[in-house]
Every structure is written in C-alpha cells, then in structure tokens.
Amino acid sequence: MPESLLYCSLHDPVSPCPAGYVTNKSVSVWGVGGRVEMTASKFMAIQQALQPDWFQCLSDGEATCDEATSIKRARKSVDRSLLFLDNCLKLQEESEVLQKSMIIGVIEGGDVMEERLRSARETAKRPVGGFLLDGFQGTPTTLETRLHLLSSVTAELPEHKPRLICGVSQPDEVLECIERGVDLFESFFPYQATERGCALTFSFDYQPIPEETLLQQNGTQEEVNYVDQTKKSKTTSCNQEMTSFEINLKEKKYQEDFDPLVRGCRCYCCKNHTRAYLHHLLVTNELLAGVLLMMHNFEHYFGFFQAIREALKSDRLAQLKELIHRQAS
Amino acid sequence: MAVVASPTSLESAPRIMKLVAECSRSRARAGELRLPHGPVATPVFMPVGTQATMKGITAEQLDALGCRICLGNTYHLGLRPGPELIQKARGLHGFMNWPHNLLTDSGGFQMVSLVSLSEVTEEGVRFRSPYDGDETLLSPERSVEIQNALGSDIIMQLDDVVSSTVTGPRVEEAMYRSIRWLDRCIAAHQRPDKQNLFAIIQGGLDADLRATCLEEMTKRDVPGFAIGGLSGGESKGQFWRMVALSTSRLPKDKPRYLMGVGYATDLVVCVALGCDMFDCVFPTRTARFGSALVPTGNLQLKKKQYEKDFRPIDPECACPTCQKHSRAFLHTLLHSDNTAALHHLTVHNIAYQLRLMSAVRASIVEKRFPDFVRDFMGTMYGDPTLCPSWATEALASVGITLG
C-alpha cells in the first residue's frame with residue numbers, strides 16, 4: 001500500500017493486553033506467537049525493519065483511567081515512558097533508515113492530573129512528531145473526569161503537532177475527543193461491528209431534508225427499542241456489546257429485507273447487495289459476510305469522519321454532535 | 001426391471017452448443033454455450049459457489065477472473081434461505097447479484113452423501129433437515145420446482161445417485177430409476193424456455209448398464225447431458241473407461257458435463273475424451289487449507305520453506321494475488337488469526353483453473369491440442385512419460401501418445 005501513511009502502534013486495540021508486563025527496561029506485546037518482550041533497542045530494531053512513517057514510542061501504558069491508579073503507579077508510568085522516549089530518540093539518531101520515520105510521544109499518567117500534565121509538558125519538550133494520548137479509556141461513570149483530564153492535557157501540547165488517541169473509536173466518544181483537541185483515532189469500532197455481524201447505520205447527515213429526518217427518526221426509534229431488548233440476550237464471541245449505532249443482520253427481520261444496508265451508501269456492498277443476502281451469508285457462516293460488512297462499515301465510518309471535517313470547517317459541529325448524541329443509547 | 005418406455009421428449013429442446021473446433025486426433029472439442037445469461041466458451045471449468053457465494057470472494061472478483069458460469073447448490077439453498085425467499089429476490093441471480101450464468105444441481109448428491117438418515121424410494125429421497133429436524137421429500141418434481149424458483153440457466157435432473165464403489169442390483173435399480181426420474185423432471189419443468197434441463201447418465205462402473213442408460217436418455221431431447229456417478233471412490237482405470245464410453249454415445253451437438261471432476265490432469269484427459277464442462281470443489285476447498293495450485297502441482301504455503309520466498313505463487317499468473325503478493329506474505333497470513341490468506345488463495349486457484357481451460361481451448365482451436373497435452377504432462381510430471389498410467393492409457397485410446 002505505497003500511497004498510505006503507515007503508523008505502527010504498540011498494541012492491537014482489539015486484543016486483550018494483560019497487565020503486569022512492564023519493567024523499567026522492557027515492555028511486552030502479544031501476538032500469534034505469544035508474548036514478546038522488548039527493550040528499547042529490540043523495539044527500535046523492529047522499527048528499523050518495518051520502517052513505518054510514524055510509530056508509537058515504547059511506553060508504559062498500565063496506569064489507565066479504567067481502574068483507580070495510585071499516584072505512585074501513575075508517576076512510574078510517566079517516568080518510564082520518558083526514559084523509553086529518550087532512549088528511542090537516541091537510537092533513532094544513530095539509525096539511517098529511521099531518519100524518515102517520526103516517533104510519536106506517549107502521554108501517560110493514569111487518572112492523576114498532576115502526572116498527566118507533567119507527562120504532557122515533558123514529552124512536548126522532546127523532538128517528537130506527534131502525541132499519543134494513552135490510557136484514556138474507561139466507563140461511563142468516569143467519563144466526565146476523563147474528558148476533563150483530556151482537555152487539560154491537550155492544552156499543554158503544541159498546536160502544530162498531531163494528537164492521536166487510542167482505545168476510543170465509538171462515534172459519540174470520538175466527537176467528545178475532537179472537541180478537546182484530538183486529531184487521529186483508531187478504526188477498531190467498525191471492525192468490531194463486523195465481527196459481531198453488524199452493520200453501521202447511524203446517521204451523520206446533520207443537514208438533512210426535514211421529511212427524511214422524520215422517517216429516519218421513526219426508523220431509529222423502532223430499532224433503539226429493539227436493541228434495548230436484545231442487548232440483554234447473550235452476545236457472540238465478540239468482546240464488546242452491540243451499540244445503537246448499528247443493526248444486527250442475524251436478526252430474523254432482515255431475512256426478507258431487500259434494501260441495502262444503508263440507503264444512499266456508495267460502498268460496494270450497498271451498491272450490489274441487500275440486507276437479506278447479508279443475513280443469509282451470516283446465518284450460513286459464509287466467509288463473504290465479513291468481507292462485505294467490513295467494506296460497508298469502513299465506508300460508513302470514514303464517511304462519518306468526512307462529515308466531521310466538513311462540520312468543523314463550517315462551524316456546525318454542535319449540530320452533528322446533537323445528531324450523534326440522539327442516536328447513542 | 002424393464003423400462004416403461006415413454007420418451008417424453010421436449011418439443012424442441014434448444015440447441016445451446018455451437019462447436020467451434022474439433023481436435024483431429026482425439027475427441028476434444030472447443031465450443032460456445034449460448035445461455036440466457038451470456039455465452040460461455042468451452043471447455044469450461046465451473047467453480048462451485050454452494051450457498052449463493054463463492055467462499056469469500058465477491059461477485060465482482062469472480063467476474064474479473066473471467067468466470068461466466070458457476071454452481072449453486074439446490075440442497076443447501078433449498079433449506080437456507082429457501083426457494084420462496086430466493087424467488088422474491090428475483091431468483092438466485094438477483095439474490096447473489098451474479099450477472100452471468102448459474103448451474104444448479106438437483107440436490108441428489110448432497111442428500112445421499114451428507115445426510116445419514118436419508119431414504120431413497122421411487123417417490124424421491126426422504127430425509128431429515130439437519131437444521132430443524134423436519135422430514136422432507138425431495139422428489140423429481142420438488143427438485144425441479146426449487147430449481148425453477150432459483151432460476152438458474154442450467155438445471156439438473158434429480159438422479160438416483162449411488163456411490164461408484166457400490167456393486168450389485170442397486171446400481172441397476174438406480175440407473176433405471178434415474179431414467180424414470182428424468183421423465184418426471186421433464187414433465188415437471190415449468191420454464192424450458194429460460195432454463196436448460198440436463199439429463200445425468202448413470203450406470204456406475206458397469207459398461208452394459210451405462211450403455212443402456214445412454215441409449216435411453218439420449219432418446220429424450222434435452223439440451224445437454226451430464227456424466228454422473230463417477231469421481232467417487234472408483235479407480236482411475238474404471239473412471240476413464242466410463243467417461244470414454246459415455247462420450248462415444250452422446251450426441252456431438254450437445255454439451256457433455258462431467259460432474260465432480262477438477263484436478264488438472266483429470267480435466268486435460270477428460271477434455272481429450274470429449275467432455276466440455278466440469279465442476280469441482282477442489283480448487284476452492286484446497287485454497288482454504290493453504291494450498292495454491294501451480295502447473296507443477298501445488299504449493300503448501302503454510303510450510304516453513306515459503307517463509308522467506310518472496311516470489312509470487314506463479315510468475316506466469318496474471319491474477320490479482322500473484323500480481324500483488326508474495327509466497328512469504330501469504331505464508332505469514334496463513335499463520336495469523338484472520339482469514340485473509342484464504343481469500344487470496346481462492347482467487348488464485350480459480351484463476352489457475354480458468355486459465356488452464358483457456359489454454360486447453362486455445363490449443364484445440366489452433367489445432368495443437370496433442371502437443372499441449374504433452375507439454376502439460378511434461379510440466380506436471382517432469383516428463384510426459386512419467387504421467388500416471390491411467391492417463392497415458394486414456395489418452396492413447398483417443399490417439400494421443402506421450403512418449
């Protein structure tokens with residue numbers, strides 16, 4: 001894929017990452033072959049082989065907002081990450097092949113404001129190409145605190161360097177983060193939807209024709225109710241539960257639905273196939289189901305981001321946010 | 001049991017086959033099928049898309065590979081999603097959005113091979129659905145009814161299928177019953193103008209039974225004939241003799257469809273014996289085991305030897321997989337936790353089969369088919385004389401020598 005910008009993250013957003021594997025000298029990652037422990041030099045050797053355009057620096061991400069972190073642990077995550085960063089920067093200087101790659105500095109510090117600010121300020125002093133805001137995932141109860149933390153952190157970062165965030169991918173959460181200065185997100189949400197046999201159908205058309213809005217509202221309402229009921233039933237092997245941004249094509253009601261997944265969507269799946277066909281493919285466990293769903297879900301999700309960019313340019317983000325919020329359960 | 005002769009032939013079955021060239025030595029022919037969803041060059045290999053999908057690849061990908069006819073499966077589709085729904089979706093073509101031709105088999109083979117609790121009577125095949133436990137009867141009439149709803153361009157008669165390893169009176173019973181079921185299928189067929197009903201020659205490995213079946217079935221004026229009941233557990237020696245016997249007695253101006261054959265060597269030999277159409281799950285199935293088909297056999301890409309092999313599967317192959325990816329990349333994908341490799345390999349293996357058939361056809365048209373066969377065997381086995389003896393015999397029987 002020579003036309004794309006390649007970013008190498010430390011962890012796979014959809015795989016579990018057991019805690020307790022970070023030391024002062026190394027960080028462990030998990031893959032098909034099991035656990036791989038990396039010191040800064042081993043990590044940089046791998047980056048030299050991969051030669052990505054950007055890569056997340058080796059970092060200690062175990063102090064998250066998910067569980068209450070001790071100040072001590074939060075401090076350690078910041079200290080270690082800065083040490084890793086300095087080591088990696090030095091190794092990058094010595095590597096010719098990595099001159100064209102950019103190191104992304106990682107902001108740590110758990111849910112401790114003081115540590116987060118320290119991490120942001122110190123990382124910003126280094127010659128990094130951008131910043132990754134790590135460990136900001138959590139539960140709805142901690143949402144307010146986390147968002148507040150996020151705002152405080154981004155305020156410390158230079159305007160002209162990109163801000164990435166990991167672990168956040170759902171449309172409503174994405175918008176909250178964008179309002180607080182985040183630029184780049186992982187697209188694992190459409191992937192997870194695909195894995196559970198679901199198609200993204202949420203609307204991001206914040207300037208619709210009034211009659212269409214009404215029809216959509218009617219449609220959305222019916223589906224939201226249905227979702228509330230089915231959410232309680234057991235989920236598939238996928239970790240995450242289905243959201244109100246999607247429809248579950250395995251449901252019997254799609255058996256004879258000859259509409260495309262989303263009317264007007266220009267993806268290959270919507271231009272060529274129906275909900276009934278996708279339902280059949282899912283029920284018969286056919287490989288093509290995932291292929292078609294992934295095509296649609298990416299198209300839809302990237303369409304959402306296109307809408308965000310346009311809304312920002314025309315100063316209408318509030319409208320888009322309101323629309324998305326209405327569809328969040 | 002004597003045949004109650006009532007050759008209910010179709011008034012005037014469409015002549016769907018146009019011969020373009022014939023090999024002057026062997027029985028190989030190149031032709032063109034004129035079907036409702038477009039022409040199909042023969043000899044042709046038809047990939048099997050059992051459940052209204054080609055195992056992970058899109059209709060667009062299949063079209064881009066040059067496929068103009070593929071198979072759907074009446075047994076599977078008849079159960080899920082069922083003929084009524086497919087009819088609402090504007091037939092199988094509409095349901096899977098396939099613009100080219102479709103061939104559906106009758107469901108007979110699956111019934112017998114997949115379902116342990118099936119029982120064959122004169123009425124039809126009675127079986128229990130594996131999905132909801134309901135008992136159903138697949139009769140000739142019901143099979144044709146389902147296939148009429150599916151709307152495929154070629155439909156197959158329901159035949160009484162018996163494994164080629166079975167001997168004794170059951171084989172004869174099945175052969176005569178298949179004739180009677182052919183007549184019932186012809187009578188039940190509601191759309192002869194839109195769908196071409198093929199007969200299936202049975203008779204097992206018994207030359208006399210096969211000859212009888214051929215004689216009777218060719219009295220019926222169907223648009224095409226399939227050679228069934230082979231490519232099971234029989235020896236290759238018996239296999240080719242039954243194919244040769246069949247093609248010698250089938251009309252020249254109608255297509256000969258050899259069911260269940262798909263290994264490269266078998267395809268080449270059976271074209272020499274006079275067959276025009278083939279289907280087999282092998283190329284698509286073997287792809288899902290990490291196996292890539294090449295002119296010298298196959299590559300087991302999961303094996304360590306491909307870990308750092310940066311060549312494409314086949315440097316001569318023009319398929320998207322070979323254009324873009326290396327063996328090493330596919331090897332790594334095969335050892336990952338996602339299905340990506342399977343899609344790439346399915347694309348390549350179908351491309352391989354179609355390319356082989358194209359090459360066979362070109363050689364017939366250009367009057368060099370025997371040389372093509374020799375080259376093919378040389379590449380596959382190292383030397384033409386090293387090809388399996390059954391193939392050597394079969395080719396010799398139609399005037400092609402390999403030594």
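Visitor: Let's start with B:P43: where in chain B is its place?

Guide: Happy to. B:P43 sits in a loop of chain B, with β3 (38-42) on one side and β4 (44-46) on the other. Please keep in mind from the start that this is a predicted model, so what follows describes a prediction.

From B:T42 to B:P43 the bond is cis, and its omega is near 5°. As background, most peptide bonds are trans, and most residues other than glycine have a negative phi.

Chain B has a cis bond at another proline too: the one from B:R80 to B:P81, also with omega near 5°. B:P81 belongs to the loop that runs between α2 (74-79) and α3 (83-88) of chain B. While you are looking at the backbone, turn to B:N97. Its phi is near 55°, a positive value, and the residue is not a glycine. B:N97 falls in the loop between α4 (91-96) and β6 of chain B.

Follow the chain into strand β6 (residues 101-105) of chain B and you come to B:D105. B:D105 and B:D279 are the residues that UniProt lists for "active site", in an unreviewed entry. They span 175 residues in sequence, yet no two of their C-alpha atoms are more than 10.6 Å apart, so they gather at one spot.

Next come the "binding site" annotations, which are also from UniProt. In chain B, an unreviewed entry gives this label to B:C317, B:C319, B:C322 and B:H348. These residues spread over 32 residues of sequence but cluster in space, with a largest C-alpha distance of 8.3 Å. To find one of them, B:C317, look in the loop between β16 (297-300) and α12 (320-324) of chain B.

Chain A carries a "binding site" annotation as well, again from an unreviewed UniProt entry: A:C265, A:C267, A:C270 and A:H296. Here too the sequence spread is 32 residues, and the residues cluster in space with a largest C-alpha distance of 8.2 Å. One of them, A:C267, is in the loop between β10 (246-248) and α8 of chain A.

From there, let's see how the chains meet. In chain A, 19 residues are in contact with 25 residues of chain B. Together the chains bury about 1,800 Å², and 63% of that is on carbon and sulfur atoms. Within the area that chain A buries against chain B, A:H280, A:E286 and A:L287 supply 30%, more than any other three residues.

A:E286 also takes part in a salt bridge: its side chain meets that of B:K55 at 2.8 Å, N to O. The count of salt bridges between chain A and chain B is two. The interface also has eight residue pairs in polar contact, with both residues at pLDDT 80 or more. On the side of chain A that touches chain B, α8 (268-272), α9 (275-283) and α10 (288-313) each supply at least two residues. The largest share, five residues, comes from α9(A). By class, that side of chain A has 12 nonpolar, five polar and two charged residues.

Finally, a word on confidence. The model scores ipTM 0.87 and pTM 0.89. Chain B has a mean pLDDT of 93, and 96% of its residues reach 70 or more. Read residues 1-11 of chain B with care: their pLDDT is below 50, and beyond near neighbours in sequence the stretch has 20 contacts in the model. For chain A the mean pLDDT is 90, with 91% of residues at 70 or more. There, residues 220-238 have pLDDT below 50, and that stretch has 17 contacts in the model beyond near neighbours in sequence.

Technical notes: Residues numbered from 1 in each chain as written. Chains lettered and ligands numbered in written order. Heavy atoms only, no water. pLDDT = per-residue confidence, 0-100. Contact = heavy atoms within 4.5 Å. Buried area = accessible area lost by both parts, 1.4 Å probe. Salt bridge = Lys/Arg side-chain N within 4 Å of Asp/Glu carboxyl O. Polar contact = N/O pair within 3.5 Å; in protein donor to acceptor, adjacent residues only side chain to side chain. Helix = DSSP H or I, 4+ residues; strand = E, 2+ residues; numbered from the N terminus. Nonpolar A, V, L, I, M, F, W, Y, C, P; charged D, E, K, R; others polar. UniProt positions renumbered as here; feature names shortened; annotations may be inferred.
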